[in-house]
Amino acid sequence: MKNFTKFLSILFAAVIILSGCSSNNATDSEERAADEKLALSYVTDYYNNGKKEERLKFVEESVHPDMQGGYRTNAKSGVSEDQMLKDPKVAESVAYEDEESEGTLVLIQSANDKEMIVLITDNKVTLDFTPSPNAGSEDLYQDVRSEFKTAK
């Protein structure tokens with residue numbers, strides 16, 4: 001009887017631990033989905049948007065406070081038509097973590113064969129990475145791009 005009680009106690013503890021893990025996974029996937037939605041919104045509502053006021057509103061509402069200055073400056077002038085991502089879609093997202101923060105890297109690909117990676121931390125846009133003709137910037141982009149399995 002003691003062994004049976006001990007077995008039931010262990011089984012009960014395992015069920016509690018596993019149910020806790022599954023709720024964490026649900027929370028992680030919900031957060032990942034929210035981050036993907038925000039990254040896509042960044043491309044459509046900020047990057048591809050030519051309206052200064054709407055871009056500034058996006059910065060105030062959706063960009064990490066530490067990064068708003070640069071994004072506010074860039075909001076004053078939009079990107080050219082040939083730089084826009086046409087019909088952007090989330091291709092993949094991966095967890096991101098460094099010594100100071102954690103979040104999600106979201107790979108956005110477009111119908112015109114362009115792509116962008118958006119870093120989301122604290123439920124806010126923190127950085128974006130795009131291919132660049134500048135060697136240093138391109139090396140950084142390729143380093144971040146190597147985190148994804150999705151082909152170009």
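**Ground rules.** The model is predicted, so to speak of local features takes a pLDDT of at least 70 and side-chain atom pairs count only at pLDDT 80 or more, while totals for chains, interfaces and linings use all residues. Numbering starts from 1 along each chain as its sequence is written, and side-chain values use heavy atoms, with hydrogens and water left out.

**The overall picture.** The chain has four helices and four strands, and from the N terminus the order reads α-α-α-β-β-β-β-α. Helices (H or I, at least four residues) and strands (E, at least two) are DSSP runs, numbered from the N terminus. Of the 152 residues, 31% are buried, where buried means under 20% relative accessible area with a 1.4 Å probe, protein chains only. Take the contacts (heavy atoms within 4.5 Å) between residues at least 6 apart in sequence: 50% of them join residues at least 24 apart.

**Thr-104.** This residue belongs to strand E2 (residues 102–109). What does its side chain touch in the way of polar partners? The side chain of Asp-35 makes a polar contact with that of Thr-104 at 2.6 Å. A polar contact is a pair of N or O atoms within 3.5 Å; within protein, one must be able to donate a hydrogen and the other to accept it, and residues adjacent in sequence count only if both atoms are side-chain atoms. Beyond neighbours within four places in sequence, the contacts of Thr-104 include Arg-32, Tyr-96 and Ile-120.

**The aromatic rings.** There are five aromatic pairs in the structure. Rings of Phe, Tyr and Trp (its six-membered ring) pair if their centres lie within 6.5 Å; planes under 30 degrees apart are stacked, over 60 edge-to-face, and the rest tilted. Two of the pairs involve Tyr-42:

| Pair | Centre to centre | Angle between planes | Type |
|---|---|---|---|
| Tyr-42 and Tyr-46 | 5.3 Å | 20° | stacked |
| Tyr-42 and Phe-58 | 6.0 Å | 50° | tilted |

The pair with Phe-58 links distant parts of the chain, with Tyr-42 in helix H1 and Phe-58 in helix H2 (residues 52–62), 16 residues apart. Tyr-42 and Tyr-46 both sit in helix H1 (residues 2–47), four residues apart, or about one turn of the helix. Tyr-42 is buried at 2% relative accessibility, and Tyr-46 is buried at 3%.

Technical notes. Buried < 20%, exposed > 50% of the residue type's maximum accessible area, 1.4 Å probe, protein only.
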